[in-house]
Amino acid sequence: MKTTKNISVITFQIALLIAIGTGYAQHDVNQVQKEYSVVKRVDNFNQPTTFYPTKATPVNAAISENIVTSAKRVLNKEKPFLKKGVVKTVGENNLSAWQMTSDEGGNPQSAPNPLSYYTAGAASDLLTQVERSIQIMGLDVEDVKVETEFFFRWSDIMTDNWAGFTDKVVSNIIIKSNESPQKIKELKAMAIRAWSIGESLANKTAIDAANVINGDEWDGQAAQAGQIPSPISTDNGRIISNTTKALQLQTIKVKEDLDMDMNDFPKEMSFSEIGIAESANNAKLLYLHRIRVKSLTANYETWELYADDSRGYEGTNAAPTSREYFTLGTSFCLMSQLTPNMMYFQKKGVKIDDFAVEHQFNYRENNFMTPAMTGEMTEVITRIIVKSEADVKLVNQFAAQALRCCFAGEGIVQETEMETSIYLNGKLVK
């Protein structure tokens, strides 16, 4: 992994906006602000306007999870990176649509940043595969959790070659059990094979990407003013988002939050996200997880989220799925890259009025709930929607550079270094 200057990415982004001019006078941010929750179940999902969501037909004892998202800005002059998104798993009646919000910068942070959702979803998805593998193998396990750290990097900042990277993912499975080390090694191998998000990060994944400039359906995408009054979200009497105390990881050394010198903008920078996923110990929802996640960035909160991967039970889901968090986190990440690039291109005389993002990620589990279970990501659709009167060629350059800057998308498109270990009763199993 390339060593670069470690600083606070979003502190840098906000400083960058100050340096190049926020341009926020384009919209009336003094209009009445709507109040949003961090996570909220919604009855209706306004399906993407740039493609028709589809559900893949599973074959050979496989299941598919086809997840669509729609993300747009929330205008707030104090929080230039505020955004909201809706996510839904296509064709699953028991899986609700969820609206989430994302925030970067500010003190305090009012919602998780995009890469916290991304990291949380990946860790929770791995925990699901470990729990399923324990069930398949019939193992006696007292406790299990996943600790993770994602390493991200920007290069050639404030140039026409500006780009973002996911350099490495460290994931540690922690088991408390009297089972033999050999059985635990087999458990690790089975879980990793079934980990769709991990497979998508470890291998190159083709993306169907396109830009939609001044489309007919733009009115439904327009940004609105808003704020997030509380970090606490509840659903059916259960808290599903909140801030919590600082993380103490068992297998990963947690570095101090890092900040930056406002007068020393680097050409390259790196930062990381950490997280813990563990069972919520719900007797009915066996795959309901409690996730705690944080960006190692000054003034950022430690977030507690819940994910529900309890596929096949009766009734509606208790929280978004792991893969819904990961997918929407990717959409939010792309939205974050569009913001500073809008200002960068404005300095070059290219005025961008507004933008939005739509995605569909197709996940598949082959030979579901058998020892031969494998996971994969089979398709990714990315649409960047832009409103601008500038030359179409220049607007496309803006969208392409923002896409290239997206850490989350790059982690999927390219091969990412994956380091996955398993610990049994506090000892590394080799």
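## Helix α5

A residue counts as buried when its relative accessible area is under 20%. The model is predicted. In helix α5, 24 of the 26 residues are buried, so the helix is largely enclosed by the rest of the structure.

Helix α5 covers residues 322–347. At 1.5 Å a residue, its 26 residues should span 38 Å. The end C-alpha atoms lie 39 Å apart, which agrees. Just after α5, Gly-349 takes a positive phi of about 90°.

## Helix α6

Helix α6 has 14 residues, 392–405. From first C-alpha to last it reaches 20 Å, close to the expected 20 Å. At its start, a side-chain oxygen of Asp-391 comes to within 2.9 Å of the backbone nitrogen of Lys-393.

The buried residues of α6 are Val-395, Phe-398, Ala-399, Gln-401, Ala-402 and Cys-405. Seen down the axis of α6, they fall within an arc of 160°, so they line one face of the helix. An α-helix has 3.6 residues a turn, so residues three or four places apart point the same way.

## The open sheet

Nine strands form an open sheet with mixed pairing. Their order is β10-β11-β14-β13-β12-β6-β7-β17-β18. The edge strands are β10 (233–235) and β18 (427–428), and each pairs on one side only.

Strand β17 (residues 417–424) runs antiparallel to β18, and 2 bridges join them. Tyr-423 has Leu-428 in β18 as its bridge partner. Helix α3 (residues 181–194) packs on the sheet. This helix touches β7 (163–177) and β17, and its direction makes about 145° with that of β17.

Notes:
Residues are numbered from 1 along each chain as its sequence is written. This is a predicted model: local features need pLDDT of at least 70, side-chain atom pairs count only at pLDDT 80 or more; totals for chains, interfaces and linings use all residues. Side-chain values use heavy atoms; hydrogens and water are left out. Helices (H or I, at least four residues) and strands (E, at least two) are DSSP runs, numbered from the N terminus. The expected span of a helix is 1.5 Å times one less than its number of residues. Buried means under 20% relative accessible area, exposed over 50%, partly exposed in between (1.4 Å probe, protein chains only). The arc is that of the directions from the helix axis to the C-beta atoms. A polar contact is a pair of N or O atoms within 3.5 Å; within protein, one must be able to donate a hydrogen and the other to accept it, and residues adjacent in sequence count only if both atoms are side-chain atoms. Two strands pair if DSSP finds at least two bridges between them. Contact means heavy atoms within 4.5 Å. Axes are lines fitted to C-alpha atoms, for helices over the stretch in contact, and angles run from 0 to 180 degrees between N-to-C directions.
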